[in-house]
Amino acid sequence: MLTQQAIDGFRTQVRGELIQPGDSNYDEARKLYNGMIDKRPALIARCVDVADVISAVNFGRDNHLTIAVRGGGHSGPGFGSYNEGLVIDLAQMRGIRVDPANRTVRVEGGCVWGDVDHATHAFGLAVPTGFISSTGVGGLTLGGGVGYLSRKYGLTIDNLLGVDMVLADGRFVTASAEENSDLFWAVRGGGGNFGVVTSFLFTGSPVHTVYGGPIFWPLEMAADLIRFWQGFILDAPDEMNGWFGFVTVPPVAPFPEQYHLQKMCAVVWCYTGAPENAAAVFEPIRQFGPPAIDFAGPIPFPVLQSMFDALYPAGLQWYWRADFFNGYDDKTIGLHVKYGSQLPTMHSTMHIYPINGAAGRIGPQDTAWGYRNANFAQVIVGVDPDPQNNERMTEWAKDYWLALHPYSAGGGYVNMIMDEGEERVKAAYGANYSRLTQVKAKYDPQNLFHVNQNIKPKS
Ligand SMILES: Cc1cc2nc3c(=O)[nH]c(=O)nc-3n(C[C@H](O)[C@H](O)[C@H](O)COP(=O)(O)OP(=O)(O)OC[C@H]3O[C@@H](n4cnc5c(N)ncnc54)[C@H](O)[C@@H]3O)c2cc1C
């Protein structure tokens, strides 16, 4: 049992706030991004520095508390919290230092991607990230990181130079190509299994204003669009990115009123090549078939990165399922059209992200992220503000996933699956799983950090 005396002792060791049930900000502090998940931790430690994190890990371990580490809080299954557990909340650790001369970016473990985009944009740099700027750097990076720059600069982990970490025994270490290289291999895809990352060191790449944004076509063109887009993106220069999606047009400006609430198919583009070449690169896209809505044009990278933030605020209900694919044939395209035409709610969607190009040129064993040979990461997402729709949208996502899964490459992206059991975690890592269990046994033999897509320590 956790005593008040123990908590009071802990309080003398940390500069950050400790929040318990009954505190006026407890309910706010325990909220997760996914409104479907409701957890009541025993204690939330809002760490402000590495010393706080060391104290929190030691306190949790010594008091036999289940530890959950919270970065941006975006985990689908809600791994940023745990009932009756200790939440190590990093959200106050938001420092960033850009070194423009060396093109490196030091990012504290609680930053969200909007923090990084803001800081790097001032220097004409960017770090490859995901498609929503409120997502945490911590979880997204440790799971891999798929985004607009994946084809040009690789996954987020392919731009990681090193991490500072607090291990299960309270030790502070650096992991990089030179130091603790086994740990560095594992954290590039292995999630939060190995310790608490207090800061990340990334390479920044020259990205400022890009040419991109969504282009929408009528739903009836979906099969042709998937065929066209797949062929185009598999052959496109690395500077070109575009993910396919089934979407519902939101009933707000700037969307033309005649399309409000219509289900459509879309590709969200991002071209980082020379601006003078953009029109020519986009010509075949616009010629494929007349778009219903065409929002592609010059846009500052952070604006593209945060374009969908308002559509997906914290607190919506989320349920998602994911798989990797090598490609889509007539059969799988037909299944996509069938289920994609039945989006159960306005926010629900299905995305296919290209992961060929630079991301696909890294060897499958070079980092823990094993699916380097797959061309696409696919995610089916039921989302809605109203919990009453949970069953309907969850059923849709499961049915959709079950129909397509037999044609997949086997596993799904760890950052886009729910709490689906050990076999799905193994499938997500494929041939790398065994090595991950060895690294886990070395750095966290008691599996202290198990509130995640858990990799069991090799016994
Ligand atoms: C709206 C939305 C959009 C998304 N878009 C993309 C996308 O475009 N591309 C993509 O690749 N993914 C995307 N994701 C998935 C996202 O990468 C995962 O949900 C990720 O786990 C979120 O990280 P977080 O830090 O916000 O979450 P949290 O819930 O805080 O953490 C997730 C996991 O990471 C661990 N963790 C977090 N920070 C640390 C740390 N500093 N040290 C150790 N462990 C840590 C946690 O313990 C937990 O297990 C998206 C998710 C959402 C909800």
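In this predicted model, Pro254 lies in the loop that runs between β13 (240–248) and β14 (263–271).

Arg103 is placed in the loop between β5 (96–99) and β6 (104–108). Although Arg103 is not a glycine, its phi is positive, at about 50°. How many other C-beta atoms lie within 10 Å of Arg103? The count is 16, and Arg103 is therefore partly exposed, since the buried class requires 20 or more and the exposed class 12 or fewer.

Asn180 belongs to the loop between β9 (172–176) and α7 (181–187). This residue, also not a glycine, has a positive phi of about 45°. Is Asn180 buried or exposed? Asn180 counts as buried because 22 C-beta neighbours fall inside 10 Å, and the threshold for that class is 20 or more.

Strand β17 spans residues 317–325 and is mostly covered, with eight of its nine residues buried. Which strand pairs with β17 in the antiparallel sense? The partner is β19, residues 376–384, and the pairing extends over nine bridges. Within this pairing, Gln317 has Asp384 of β19 as its bridge partner.

Definitions and conventions. Residues numbered from 1 in each chain as written. Predicted model: local features only at pLDDT ≥ 70, side-chain atom pairs only at ≥ 80, totals over all residues. Helix = DSSP H or I, 4+ residues; strand = E, 2+ residues; numbered from the N terminus. Pairing = 2+ DSSP bridges.
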